[in-house]
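Okay, thanks for coming, everyone. Let me put the structure up and walk you through a few spots in it.

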Amino acid sequence: MSVFISQGHLSECPFVNADHEEVKKKKGTSIVICGYPLSIFFIVVNEFCERFSYYGMRAVLVLYFKYFLRWDDDLATSIYHAFVALCYLTPILGAIVADSWLGKFKTIIYLSIVYALGQVVMAISAIHDLTDYDWNGTPDNMTLHVALSMVGLVLIALGTGGIKPCVAAFGGDQFQDHQERQRSTFFSVFYLCINAGSLLSTIITPILRAQECGIHTQQKCYSLAFGVPAALMVVALVVFIAGSGMYHKAEPQGNILLDVCKCIGFAIKNRFRHRGKEFPKRTHWMDWADEKYEKLLIAQIKMVLKVLFLYIPLPMFWTLFDQKGSRWTFQATTMDGNFGLLVLQPDQMQTVNPILILTLVPIMDICLSLKIMNTGHRYQLKTINLGRDPMTLTLSQHTVQLAPGQASDYFTFDEDFVIVSVDNTSISQNLTLAKGKRQSVILPSNNTQEWPMTEDLTAKPEQGANAIRFVSGIYPLNISTGGLDFGITDGSLYSNYSLLTYGSTVFTIESGGESCKYSREFGFGSSYTLIIPSSFTFGPDCAASIGVAEDIKPNSVHMALQIPQYFLITAGEVVFSVTGLEFSYSQAPSNMKAVLQAGWLFTVAIGNFIVLIVAELAQIPEQWAEYVLFASLLVAVCVIFSIMAHFYTYMDPAEIEAQFRKKDDDHEVRAEKKERKDSRRSQRSSLEMTEGTGSDPKENRM
């Protein structure tokens, strides 16, 4: 067996079918270059493009659910893991179709067409202009977008899962029996292409997603992020078809998985029919199938079941592993992605390719989550001084001094009203606070005027953006940056929030033919109120009088803190997957490697279903508590698995099969001897009967 060990996707490595050499078939006549058939070039390129397509789409999928379809974190997580689970269930269907009906070549062609259609449908579902009838940047018929995306994901799952067990095996079919070394190298290059396609797509598609596109309004370009993978899948299909004339296309040989299922089904049914005490017990419940199936097949199934039993705890491992594309990506959206010369998108952190291990990473996750959570209070209020002079305010039990253009921090109150008074004056107002909200009260230059109250943000802006607004003591003003206009007109003291991305932003403040440039650096996930006091004047130092109120602090936890857990996760995946695959391969009968591969992929699907169940049914309010739950479950599973492994007895499948084949050969020899002996007895009896009648034997033969 040749396994290319690399970061990630080891769960996809199919076993090399050990009875491949036993199948006598005529090989193709593909052109040979440097000892390798030219046909494998098309297969390798096809695999690179297909993996780019799949992982590129998957990298941005959970953010598409949250920010385009407007689903909450739990629903987005559930649908994401349901999709991944389906992708690891459909390989069983693909293997059955290829081995029993269409063959590998036709299966790859037909399901690749389905795959490409699914990617195209996903790209169409992400075009916001499709139903944005009022041109406000938000789709008006979200049901249509949801329906299209679900259809697209089902088609993609059928396609990618269906061809998964076929492509690598089809590549192996292209080699002659004497090209064992070349075949081994092919599998190494093949898995290198899997990782190369995944790595590049996970870097590129988040960049495409972060761009803005649209016909009427500019929004995050999910359609482009899905469109490029769709184009790569079309390229994959075209390249694969282009090599059609060079391929060796083996005929379907029948699917051993179906035979195994039938044999197990018959054993269970037969045991149920003979459940009475009058029927003698048998050594193993599979022995109830020996009335219909060969003893060798039954022995092989027993060996497979023994390994599959050890697979029972494994789904919990994949439960944690595949959260890199859901929970960890959501976590990254609340973190600082500035690495100096490089600014990472949250979904690009998946390039490190994680796999979670026992306790250290869950502990780090808990610390991160506790630090970036915003718990909030019942009532919060801050004050903003737009006047020309300093002032001292009393808010119930709080006292604060404010310079012109300055804002206080948020004060917390237990009641829904507060009395705000200006010291050394008779001016005061009773303010009613909104439950569960954060508010600001604006004090104009004339304190006797009405004090406007604004509703501030209570949560960080989405996708790491920065929410910015202006409060001004002079008007009208025209405040703009890029394509955004913060215009403050007569009668209004403040603008609405507008979203700006990471980096330096220059604002232009204009009024009456005069202008002022004000620049500020923004991080990730912050909210600011920029204050222009009544004392503001245009001139060379105009920007110095502009005050800044930090409504929500920028993300202070850096994405780099995820790197250690990603590193440990990758190490865990290599240890887990390589040893698991090699163990399974060594313990599997020669003709049932594919059965155990199906079982291995099935554990991945079950692991994703567990995430779905926890996200939807458990409804755990705090994210750190969910991390603790999964960590605890994995620790418990590891203990159980250790006990199971301790009592496991290693087998030599080849020796066991040889014993059964020898028994069959001995049985055939004894049967042949008995048949010859019976034949001689019959001849003697016939001769004696002939002599008894006195007739000539020659006459009887005439």
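Let's start with a question: in the hairpin of β6 and β7, which residue takes a positive phi? It's S396, with phi near 50°, and that hairpin has two residues between the strands. Before I go on, this is a predicted model, so you know: local features need pLDDT of at least 70, side-chain atom pairs count only at pLDDT 80 or more, and totals for chains, interfaces and linings use all residues. Residues are numbered from 1 along each chain as its sequence is written, and side-chain values use heavy atoms, with hydrogens and water left out.

Strand β6 covers residues 391-395 and β7 covers 398-402; they run antiparallel, joined by five bridges. L395 has H398 in β7 as its bridge partner. When I say strand, I mean a DSSP run of E with at least two residues, and a helix is a run of H or I with at least four, numbered from the N terminus. Two strands pair if DSSP finds at least two bridges between them.

Next, an open sheet: four strands, antiparallel pairing, in the order β15-β14-β17-β18. At the edges sit β15 (484-485) and β18 (514-522), each pairing on one side only. β17, residues 503-511, pairs with β18 over nine bridges, and V506 stands opposite S519 in β18.

Now the cysteines. How many disulfides are there? Two, counting a pair of cysteine sulfur atoms within 2.5 Å. One of them joins C213 to C221, S to S 2.0 Å. That link is right-handed, with 100° about the S-S bond.

On to the charges over rings, where NZ of Lys or CZ of Arg has to be within 6 Å of the ring centre and within 35 degrees of the ring normal. K164 puts its charged end over the ring of Y88, 5.1 Å from the centre. K249 lies over the face of F105, at 4.3 Å from the ring centre.

Last stop, the second largest pocket. Elements giving at least two lining residues each include α1 (39-68) and α5 (180-210).

That's my tour, over to you.
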